[in-house]
Amino acid sequence: MRMRRAHSVEQVRAAEATLLAQLPGGTLMQRAAYGLSVAIGNLIGFVYGARVVLLVGSGDNGGDALYAGVLLARRGASVTAVLLSDRAHAEGLAALRRAGGRIGAAEDIPGADVVVDGIVGIGGRPGLKPEALALVQLAARHGVPMVAVDVPSGVDVDTGETPEPHVRADLTVTFGTHKVCHLVDPAAAACGTVHLVDIGLDLPPATAEAFQAEDVRSLYPVPDGESDKYSRGVLGLMAGSAQYPGAAVIATSGALGGPVGMIRYVGPDSVAAEIRAVHPEMVHGEGRVQAWAVGSGLGQALDKQAVARLLAGPEPVVVDADGLTAIDGPVAAPALLTPHAGELARLLDVPRAEVEARGLEHARMAAERFQATVLLKGSTTVIAAPDGRVRVNTNASAWLATAGSGDVLAGLCGSLLASGLSPFDAGAVGAYLHAAAAHLAADGAPLTAMTLATHLPAATRHTLTP
Ligand SMILES: NC(=O)C1=CN([C@@H]2O[C@H](COP(=O)(O)OP(=O)(O)OC[C@H]3O[C@@H](n4cnc5c(N)ncnc54)[C@H](O)[C@@H]3O)[C@@H](O)[C@H]2O)[C@@H](O)CC1
Ligand SMILES: Nc1ncnc2c1ncn2[C@@H]1O[C@H](COP(=O)(O)OP(=O)(O)O)[C@@H](O)[C@H]1O
Ligand SMILES: [K+]
């Protein structure tokens, strides 16, 4: 699999320590600095004559910035280091001086071609000191591109939280592996483009993973000559109501845009008629199913006991929207819960703002409490399994923020579950294809939930074709 993998600071430090013991001093920093200097050159498009300002803190993150400055200075850049501490990396500073770099100050920033944030890296606490914040704000006011070394200084590296002021980068150049803050919002949004430089770390299993097309390809249930509609999986859909009939239509569209062989709709005749008008292939009424999707648009028609029966198993179940209100403890069925921040806040009985600020923590907490995979929707979607594994989907399009797009996702995930994927895999594959369909459907302009659903086959084709 080719997923992007993120590791915790502790894991990175351990892997670095092993490697540092084997290599001559400074090797890792030189590898990091070389990758950083190349990425900076690529971002601004030239090096000779470029005006580069380094913001240098007290640690090795500042050291990386200084040595990248050395390499850029040797290629003809004019490099200035603004020191934020009197303990800046001494050897790096001496090397920069030898390469013709100089010590500068705030007034160098407005005319710079790029500012390099070497304030803090994985050793940083959240937040920026006032002096650093003022320099970062000055660069932003003058529209100078910002390159973060390893992480945007001031974010919480291991959680992606941003409780304090922090750098907003155009490009983040990280080393060895991604960190959680590169994948999880709100910090991920502050990273800009993330570029990974290999420095040769030997790493343990990741703390969080982000799927790529290849990962989806390896899991997607593709029918073969032996397949029939039942072996491909039948999805039971309990969604929509007289109040929200559209949710059932949209969820059906989402499900039919996935791998399922057949849909059985369980609900009122009036809603079934609306679905049939768009999807005549839908079957109305109870029967054997391999998985359930329940909850989208049930509104006041929600029958908590009926949902509770599904939650008791044995079939796997996707629980969306109103269906989530039927959950009050561990779920026996293999389950994928698909709340947005407001719904997760209600489930956990905490303020919505807390879920928005600390999404990863709350998704994990809910997965453990309800013994179910929790897919927390947002600009970054977090998928947390009850065993502690985490995946995130970062390739969404903001055009997805439209009514009914969550119903498409619930139907699609149900479809994947019915065709045999685990809740954790169904959530990751579903979130990926949902986002891919959004990019195709929107193509830089508004989309509707139905156009999103009708683009699922094309998104799947693109993803499954190497
Ligand atoms: N350890 C290694 O082998 C490698 C480390 N590398 C770099 O080293 C970095 C980690 O270096 P360090 O462990 O020295 O730590 P940092 O450079 O991240 O910073 C730690 C220092 O910053 C201070 N500090 C913490 N939070 C602060 C804040 N909010 N504002 C101001 N100062 C703050 C601390 O007192 C400490 O002195 C990585 O992010 C990476 O850039 C790379 O060179 C690759 C190899
Ligand atoms: N700003 C955004 N950027 C990217 N994706 C988003 C954004 N806002 C919402 N989404 C995605 O759009 C979908 C919205 O689902 P949901 O909140 O359930 O809406 P609805 O209930 O109207 O269907 C989710 O998949 C979510 O991840
Ligand atoms: K940094």
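Biologist: Which residue of β19 stands opposite Thr-381?

Modeller: Thr-381 faces Asn-393 in β19. The model is predicted, and local features need pLDDT of at least 70, side-chain atom pairs count only at pLDDT 80 or more, and totals for chains, interfaces and linings use all residues. Residues are numbered from 1 along each chain as its sequence is written, while chains are lettered from A and ligands numbered from 1 in the order in which they are written.

Biologist: In which sense do β18 and β19 pair?

Modeller: Strand β18 (residues 381–384) and strand β19 (residues 390–393) pair in the antiparallel sense, over four bridges. Two strands pair if DSSP finds at least two bridges between them. Ile-383 also has an opposite residue, Arg-391 in β19.

Biologist: What happens between those two strands?

Modeller: β18 and β19 form a hairpin with five residues between the strands, and Gly-388 takes a positive phi near 100° there.

Biologist: And how many residues lie between β17 and β18 in their hairpin?

Modeller: That hairpin has four residues between its strands. Strand β17 (residues 373–376) runs antiparallel to β18, with three bridges joining them, and Val-374 stands opposite Ala-384 in β18.

Biologist: Are the residues of β18 buried or exposed?

Modeller: They are buried on both faces: Thr-381 and Ile-383 on one side, Val-382 and Ala-384 on the other. A residue is buried if 20 or more other C-beta atoms lie within 10 Å of its own, exposed if 12 or fewer, and partly exposed in between, with C-beta atoms placed from the backbone.

Biologist: Why do the side chains point to two sides?

Modeller: In a regular strand, side chains alternate between the two faces of the sheet. Strand β14 (residues 291–294) is another case here: Ala-291 and Ala-293 point one way, Trp-292 and Val-294 the other way, and all are buried.

Biologist: Which strands does β14 run parallel to?

Modeller: Strand β11 (residues 234–238) is joined to β14 by four bridges, and the two run parallel. Strand β15 (residues 317–320) is also parallel to β14, with three bridges. Leu-235 stands opposite Ala-291 in β14, and Ala-293 stands opposite Val-318 in β15.

Biologist: Why does Thr-193 count as exposed?

Modeller: Thr-193 counts as exposed because 12 C-beta neighbours lie inside 10 Å. Thr-193 lies in strand β9.

Biologist: Changing topic, which residues are closest to ligand 1?

Modeller: The closest are Gly-59, Asp-60, Asn-61, Gly-121 and Gly-123, out of 24 residues that surround ligand 1. A residue is near a molecule if its C-beta atom, placed from the backbone, lies within 6 Å of it. Helix α3 gives the largest share of this shell, four residues.

Biologist: How does the shell around ligand 2 divide by residue type?

Modeller: It divides into six nonpolar, nine polar and two charged residues. Here Ala, Val, Leu, Ile, Met, Phe, Trp, Tyr, Cys and Pro count as nonpolar, Asp, Glu, Lys and Arg as charged, and the others, Gly among them, as polar. Helix α14 (residues 405–418) gives the largest share, four residues.

Biologist: Finally, how many helices and strands does the chain have?

Modeller: The chain has 17 helices and 19 strands. Helices (H or I, at least four residues) and strands (E, at least two) are DSSP runs, numbered from the N terminus. Of its 466 residues, 55% count as buried.
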